[in-house]
Amino acid sequence: MILDYLQILASDGAFKTEKQVVDSNITALKGISNEFSIPVIAISSLNRESYMRNSGLAAFKESGGIEYGADVIFSLKFQMESKNQEDMNRELKKMPREIALEVLKNRNGTSRQSVNFNYYCKYHFFESVLN
């Protein structure tokens with residue numbers, strides 16, 4: 001099951017904060033995964049403070065439930081040296097964009113490994129780049 005995106009899921013009304021809603025939904029998704037023996041992939045937003053720096057587990061919006069409930073967490077990031085707005089704007093105009101998929105958490109394997117891609121945004125196409 002692929003969910004695009006986690007923070008848009010509604011709550012049953014019993015929860016008041018966004019964090020409580022996300023935590024409840026993570027628990028429900030984990031239950032679906034276990035009950036039906038299927039993988040669940042949930043796309044999550046990052047907090048704004050993380051747009052210009054390397055992502056860590058704390059970068060995920062309302063991350064407590066995400067960090068503890070997920071078996072594997074990936075992050076997509078630009079492969080750029082500087083982290084200022086001018087460089088970010090330049091990167092957004094590139095074709096293709098150089099992207100890295102980084103493993104931030106892997107409960108049953110290795111973390112902090114990455115795979116590089118060229119991303120052609122016009123076609124939503126990721127091309128694998130051999131290292």
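Where is Tyr5 found?

Author: Happy to! A few ground rules come before the tour. This is a predicted model, in which local features need pLDDT of at least 70 and side-chain atom pairs count only at pLDDT 80 or more, while totals for chains, interfaces and linings use all residues. Residues are numbered from 1 along each chain as its sequence is written, and side-chain values use heavy atoms, leaving out hydrogens and water.

Now to your residue. Tyr5 sits in the loop between strand 1 (2-4) and helix 1. Helices (H or I, at least four residues) and strands (E, at least two) are DSSP runs, numbered from the N terminus. With a relative accessible area of 31%, Tyr5 is partly exposed, because that class lies between buried (under 20%) and exposed (over 50%), using a 1.4 Å probe and protein chains only. The peptide bond leading from Asp4 into Tyr5 is cis, with omega near 15°.

Which residues does Tyr5 touch? Setting aside residues up to four places away in sequence, Tyr5 touches Ile43, Ser44 and Ser45, where contact means heavy atoms within 4.5 Å. Tyr5 and Ile41 are 36 residues apart along the chain, and their C-alpha atoms are separated by 9.5 Å.

Let's step back to the whole protein. There are three helices and six strands, and along the sequence they follow the pattern β-α-β-α-β-α-β-β-β. Of the 131 residues, 31% count as buried. Among contacts with a separation of 6 or more, 46% are between residues 24 or more positions apart. The accessible surface comes to about 8,900 Å², with 54% of it belonging to carbon and sulfur atoms; such areas come from the Shrake-Rupley method with a 1.4 Å probe, and for residues only the protein chains shown count as cover.

What about the inside? In soluble globular proteins, nonpolar side chains tend to be buried together. A nonpolar core is a set of buried Ala, Val, Leu, Ile, Met, Phe, Trp, Tyr and Cys residues joined through side-chain atoms within 4.5 Å. Here the largest one has nine residues: Leu3, Leu6, Val22, Ile26, Leu29, Ile66, Ala70, Ile73 and Leu104. Helix 1 gives the largest share of this core, three residues. Another core lies apart from it, with five residues, among them Met80, Met88, Ile99 and Tyr119.

Helix 1 (residues 18-36) also holds Ser33, a residue that is buried because its relative accessible area is 18%. The side chain of Ser33 reaches the backbone oxygen of Ile38 at 2.7 Å. That is a polar contact: a pair of N or O atoms within 3.5 Å where, within protein, one must be able to donate a hydrogen and the other to accept it, and residues adjacent in sequence count only if both atoms are side-chain atoms. Leaving aside neighbours within four places in sequence, Ser33 is in contact with Ile38, Pro39 and Val40.

In the loop between helix 3 and strand 4 you will find Pro96, which is joined to Met95 by a cis peptide bond with omega of about 0°.

Last come the aromatic rings. Rings of Phe, Tyr and Trp (its six-membered ring) pair if their centres lie within 6.5 Å; planes under 30 degrees apart count as stacked, over 60 as edge-to-face and the rest as tilted. The count comes to three aromatic pairs. In one of them, Phe117 and Phe126 have ring centres 5.9 Å apart and planes at 85°, so they are edge-to-face. Phe117 is buried at 19% relative accessible area, whereas Phe126 is partly exposed at 38%. Together with Tyr119, these two form one aromatic cluster.

In the loop between strand 5 and strand 6 (125-128) lies His124. His124 is exposed, at 64% relative accessibility, and its phi is near 50°, a positive value in a residue other than glycine.
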